[in-house]
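Subject: Handing over a structure, with notes

Dear colleague,

Please find the structure below, together with my notes on what was found in it.

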Amino acid sequence: PEELKANMKIKSITPRPPRKPRLERAASLDEKSWRRWRRFRTSQESLTDPNETSSSNGSLREASPSPPTRGRASPCNPCCQQDSLPSSPDALEASPVGKSRGGASDLGKRASEISSAFGGLLRGKGFAGGKPRLSQIMPARPLPPMELNVASHSLRTANRIDSDCLDYRHYSQHKFGRVSSSLSDSKLQGNGTLFDNCSTDSMKSTFSVLTPIRAKDVRSRSYLEGSLLASGALMGAEELSRYFPDRNIGIFVATWNMQGQKELPVNLDDFLLPTDPDFAQDMYVIGVQEGCPDRREWEIRLQETLGPHYVLLHSAAHGVLYMSVFIRRDLIWFCSEVEYATVTTRIVSQIKTKGALGICFTFFGTSFLFITSHFTSGDSKVNERKLDYNKTIQALTLPKNVPDTNPYRSSSSDVTTRFDEVFWFGDFNFRLNKDRETVDSILNQNPSTDVSKLLVYDQLTSEMSRGSIFKGFQEADIHFRPSYKFDIGKDSYDTTSKQRTPSYTDRVVFRSRYKDDIQAVKYSSCPVIKTSDHRPVFALFRVKLRPGRDNIPLAAGQFDRDLYLIGIRRRTTRELQKRLEQKDQRSSSICSIS
């Protein structure tokens, strides 16, 4: 006690709880690894240094009655050095070198208070070398095994190189050293950076999903003035094989007599996007007869249904005959200028309810012609309908500026011979040569898709077999019920006093310059759309493509931008409303009383 009184001068202090941990910014991967290495080195030094007895807890240092020892402090954590020194007036007063002078009788009492206050705290923890150690936490269950390569599928896709440019990585390494010098494994390891397979794969990805293009290929591309099948041509074989490896394009062709109804169907998904094929088509061509008064609204609805992957390449009208051509937005650069022409089959040319509308263009090296028609109506007016056909093929002046891909096989008297692939669709108005009772009995006997007995009486099938109409054209097998004439909003055929006979008035036929270029995949109707007395009829085709030349007038990516933006906005608004309705339904509760 006497020696303690002589050597120690301690002011009365009150023990404080430990300080709250400081909030620091999140450290990066490099900082964490460097700090971990420094801690390991510091721990090794503390094991060999007998004077290393300092505590990592700042509160314990403040309350220590003995003078602070000068141990080695870690340079990576300056806050520890600040905590070890008194940084406030209270801390200065609480330090052993404070200026307070106590009497000799109070020194022993104060020392006993300090030892009793911290004795229990120090006895409750195990210390080794003056530093507290926490017990190791083990997981409750074993962790699941991990794959050796944890790179995601998107990274693997991004790192995949197009088959046509497999030598590009090797070429780039030797020419400009882009891959080997900037982001190689050796350089990452040399910098001391910690990384795994996933981060390495992502950092080494120097190619986008787009196919890399060599500078010499860009120089040699001739585009608008190229020669036939030139290497690197925009319409050439290389680009065709890149986008269509099997050189086949999927085309959706549809026809619908809307009966002039103002009301449009609520949903067109079942019409344009049937569930039977797993994938959507590359091109959509929709022809309408007796179209709705607001043609622009109809086109917006088509764009809204097809979504942002498709753009309106071209649309045209002839009175109440409408045609719209949608194509995938990636393919608009390979289309020529689009041309169209019209023909009126009525005696009075000002009345444009009957006639034909044709749209043509060249895609790569294959020329297409799409015709939608509305022929003369009436059960017995077969000859008038054949006259409508003959007038159309003679008076339709196409093509105009786009050159013919094979003029040696063309005829000036038939427009359908001047194109490689021709699709003709519309309300041809050919009927069944049978009375209503017989047709009804056949339909009742075969409610499914067996309509072979009805086709025996079909006027168009009979005339095509004779060669009097649609020469050289084909039609896919019919396995759907007659598309005309229904009661609006119902599945029943005409129940009015006229009792019109159900017929296959709406058809899709096709022809090609080359054999087996067109393959019909599906031919059906859409019975869920009931806003007209006609049901929409559609067909899916696989059409063979050929490479072409660049010296043709190109559309150069032209499409209806305003329509695209309006359709996408409506589609987004519709999705948001749908989600809001679903959320309201989940939040609402229904009470039932039994």
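Is Asn-429 buried or exposed? With a relative accessible area of 4%, Asn-429 is buried, where buried means under 20% relative accessible area, exposed over 50%, and partly exposed in between (1.4 Å probe, protein chains only).

Before going further, please keep in mind that this is a predicted model, in which local features need pLDDT of at least 70 and side-chain atom pairs count only at pLDDT 80 or more, while totals for chains, interfaces and linings use all residues. Residues are numbered from 1 along each chain as its sequence is written, and side-chain values use heavy atoms, with hydrogens and water left out.

**Overall picture**

The protein has 20 helices and 13 strands; helices (H or I, at least four residues) and strands (E, at least two) are DSSP runs, numbered from the N terminus. Of its 594 residues, 39% are buried, and its accessible surface comes to about 34,900 Å², with 52% belonging to carbon and sulfur atoms. Such areas come from the Shrake-Rupley method with a 1.4 Å probe, and for residues only the protein chains shown count as cover. Among contacts (heavy atoms within 4.5 Å) between residues at least 6 apart in sequence, 73% join residues at least 24 apart.

The average pLDDT, which is the predictor's confidence in each residue from 0 to 100, is 77, and 63% of the residues score at least 70. Over residues 124–128 the pLDDT is below 50, and this stretch has 6 contacts beyond near neighbours in sequence. Residues 175–207 also stay under 50 in pLDDT, and for them the model has 41 contacts beyond four places in sequence.

**Salt bridges**

Side chains of opposite charge can pair when their charged atoms come close. The structure holds 22 salt bridges, each being a side-chain nitrogen of Lys or Arg within 4 Å of a carboxyl oxygen of Asp or Glu.

One of them joins Arg-431 and Asp-379, at 2.9 Å from N to O. Arg-431 lies in the loop between strand E10 (421–427) and helix H17 (436–445), and Asp-379 in the loop between strand E9 (366–374) and helix H16 (382–395), so the pair ties together parts that are 52 residues apart in sequence. Arg-431 is buried at 6% relative accessibility, whereas Asp-379 is partly exposed at 46%.

In another, the closest N and O atoms of Arg-507 and Asp-458 are 2.9 Å apart. Arg-507 sits in strand E11 (residues 506–512) and Asp-458 in the loop between helix H18 (452–455) and helix H19 (459–466), 49 residues apart. Both count as buried, Arg-507 at 0% relative accessibility and Asp-458 at 1%.

**Helix H15**

Helix H15 has 12 residues (295–306) and, at 1.5 Å a residue, should span 16 Å; its end C-alpha atoms are 17 Å apart, which agrees. The expected span here is 1.5 Å times one less than the number of residues. Because 9 of its 12 residues are buried, H15 is largely enclosed by the rest of the structure. Its buried residues, among them Trp-298, Ile-300 and Leu-302, pack against elements including strand E3 (248–257), strand E4 (283–289) and helix H20 (561–587). Just after H15, Gly-307 takes a positive phi of about 85 degrees.

**Backbone points worth a look**

Most residues other than glycine have a negative phi, and most peptide bonds are trans. Asn-429, in the loop between E10 and H17, has a positive phi near 65 degrees. Asp-516 also has a positive phi near 65 degrees; Asp-516 lies in the loop between E11 and E12 and is exposed, with a relative accessible area of 58%.

A cis peptide bond joins Leu-398 and Pro-399, with omega about -5 degrees, and Pro-399 lies in the loop between H16 and E10. The peptide bond from Tyr-484 to Lys-485 is cis as well, with omega near 0 degrees. Lys-485, found in the loop between H19 and E11, also meets Asp-533 in a salt bridge (3.4 Å, N to O).

With best wishes
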